[in-house]
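User: I would like to work through this structure in short steps. Please take my questions one at a time.

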Amino acid sequence: MSFIIGPSKFSTYLPNKYVVIDLEATGNSKFNYIIELSAIKIDNNEIVDEFSHLIKPPDFRYVGDTSKVGSFSIKNNKRIFYIDSFIEKLTGIDNKMIDNATPESIVIKKFHSFIQDNVIVGHGMANDINLLNKAYNRVLGIDFVCSFVDTFELALIIDNTEYSLVNLCNKFGIDNKIIHRARSDAYRTYLCYEKLKKIINDDSEGIFREGFDNKINSMIASQKNNMNRKRIKKFNGMNWSRVKNFLESVGNLEDILYEENIFVSNFINYRDRKKIEDIVEYCGGNISDTIDDNTGFFISNFNIDIASINSFTQIYRNIFEHKDSLFENKEKNTNFELSDEIGIDIEAEKIYHSNLQKYDELYLIYSSILKHNRIKVMSFEDIMNSYNLGYNPHLVFDESLSSTTYDNTNNFYLYLDGINESNVDIIKKNIIDKGGHIKEVLDESVEYIVLGKKDNVFINSNEFIKFIFLISTGSSIFIVNESRFEKKSLE
């Protein structure tokens with residue numbers, strides 16, 4: 001199974017219009033760059049456009065005594081290389097060809113314009129997406145984001161066999177005349193995809209279609225869980241609680257907002273928005289019209305308290321999750337009407353409509369935080385109070401104070417659904433014996449959440465939503481594993 005890195009997602013349908021891609025790379029884990037990139041645009045089984053380039057990477061290596069190279073170029077009177085002799089023999093591409101190729105910065109920009117928002121098709125997509133994501137980060141300053149279909153996974157559904165591209169071509173009687181070149185591999189992937197798509201679509205019993213749907217749902221769930229685990233680790237390292245405490249007691253917004261990108265709620269009235277814009281300008285920050293990877297702060301329309309978070313979690317499960325799944329492959333319709341036909345609780349719908357502005361804002365904050373991990377939330381009241389405290393250049397926030405010391409006298413919340421039942425009493429005893437407190441409810445007073453070894457349950461729970469909001473609004477909560485407490489006595 002392919003494990004995908006980055007925000008790209010599995011396509012939930014088999015497209016007739018798509019772009020099939022393939023690439024060749026330097027192939028060294030410590031020096032891994034794309035050296036050839038090809039894309040073929042398909043519309044109803046017809047090739048309508050093509051893109052193919054050799055690429056000169058942004059870096060090179062010097063030939064040394066231990067370098068296994070078959071060819072080299074000269075730079076500053078020294079021999080340089082991009083690929084070793086193995087990759088050269090495998091692809092037929094040599095170092096002189098690469099050194100004379102189009103620079104990465106130019107090719108990636110052209111590639112981005114070529115593929116647009118089409119579904120991407122490839123064979124064994126994990127490594128390709130990983131390399132493209134890194135190239136996009138370097139050249140465009142953004143992630144490579146696409147919906148994609150992996151022919152490796154489609155073949156696995158049909159035959160329960162892990163086919164290389166060469167073997168998959170052999171299965172369908174497709175010639176393997178030229179291999180390990182991006183254009184020919186992309187073309188053969190296109191031929192294989194059309195064969196696989198036909199098998200799945202023509203399956204009268206629907207077995208392959210059901211297998212496709214099940215695999216995609218499983219992959220999407222797995223991808224979501226993996227990304228959420230990474231988010232938990234990142235949130236664990238946030239010092240926003242200390243920064244916010246500093247602002248509440250000292251002020252010094254200028255120290256915190258300088259060169260930060262700030263998104264201001266669309267629900268804040270014009271007069272208050274103007275005040276925020278003036279403060280941000282004074283502090284050397286930037287107002288963002290949209291939320292992206294560079295957004296540091298979200299200025300909310302209201303104070304987000306535990307009551308708001310609790311009510312939102314119920315609305316989220318009843319309204320927004322259905323809303324998301326309903327529009328998985330459709331353009332979002334602003335005239336969307338909620339319906340009990342898709343399992344939405346009518347009472348939840350009424351509560352949602354009576355608090356429309358608040359819940360829409362909470363949904364925007366939550367979804368933004370999930371996409372962009374570093375967003376910190378402040379209310380209009382927070383920012384005004386901090387600004388009014390003034391700025392003291394002798395009291396500047398010290399990053400060195402952000403390290404956390406584990407203290408068993410803190411408040412602990414046990415997320416029992418994922419914890420081994422035989423360990424619950426031991427965990428509770430160890431915490432209490434060391435002066436800690438067990439909290440029955442996850443709220444602002446909790447400083448540690450104890451999870452079981454299998455954390456998928458927590459990631460998909462209401463408590464996870466609360467955790468995200470509490471962290472983003474300035475609570476200091478850290479995730480610890482039950483293994484920390486399994487022993488009869490803490491070390």
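User: How many aromatic pairs does the structure hold?

Analyst: This is a predicted model, where local features need pLDDT of at least 70 and side-chain atom pairs count only at pLDDT 80 or more, while totals for chains, interfaces and linings use all residues. Residues are numbered from 1 along each chain as its sequence is written, and side-chain values use heavy atoms, with hydrogens and water left out. Rings of Phe, Tyr and Trp (its six-membered ring) pair if their centres lie within 6.5 Å. The number of aromatic pairs is 23.

User: Are the planes of Phe-263 and Phe-298 stacked, edge-to-face or tilted?

Analyst: Planes under 30 degrees apart count as stacked, over 60 as edge-to-face and the rest as tilted. The ring centres of Phe-263 and Phe-298 are 5.3 Å apart. Their planes stand at 50 degrees, so the pair is tilted.

User: How many residues apart in sequence are the parts that this pair ties together?

Analyst: Strands are DSSP runs of E, at least two residues long, and helices are runs of H or I, at least four, numbered from the N terminus. Phe-263 belongs to strand E11 (residues 261-264), and Phe-298 to strand E13 (residues 295-300). The pair therefore links parts whose separation in residues is 35.

User: Is Leu-131 buried or exposed?

Analyst: Buried means under 20% relative accessible area, exposed over 50%, and partly exposed in between (1.4 Å probe, protein chains only). Leu-131 lies in helix H4 (residues 125-139). Its relative accessible area is 3%, so Leu-131 is buried.

User: Which residues does Leu-131 touch, beyond four places away in sequence?

Analyst: Contact means heavy atoms within 4.5 Å. Leaving out residues up to four places away, Leu-131 touches Leu-23, Ala-25, Asn-32 and Ile-34.

User: In what order do the 3 strands of the open sheet lie?

Analyst: Two strands pair if DSSP finds at least two bridges between them. E5 and strand E7 (residues 78-81) are joined by 2 bridges. In E7, Phe-81 is the bridge partner of Arg-61. The pairing in the sheet is antiparallel, and the order is E5-E7-E6.

User: What is the mean pLDDT of the chain?

Analyst: pLDDT is the predictor's confidence in each residue, from 0 to 100. Over residues 338-342 it stays under 50. Where pLDDT is low, the predicted coordinates should not be read in detail. For the chain, 89% of residues reach 70 or more, and the mean pLDDT is 85.
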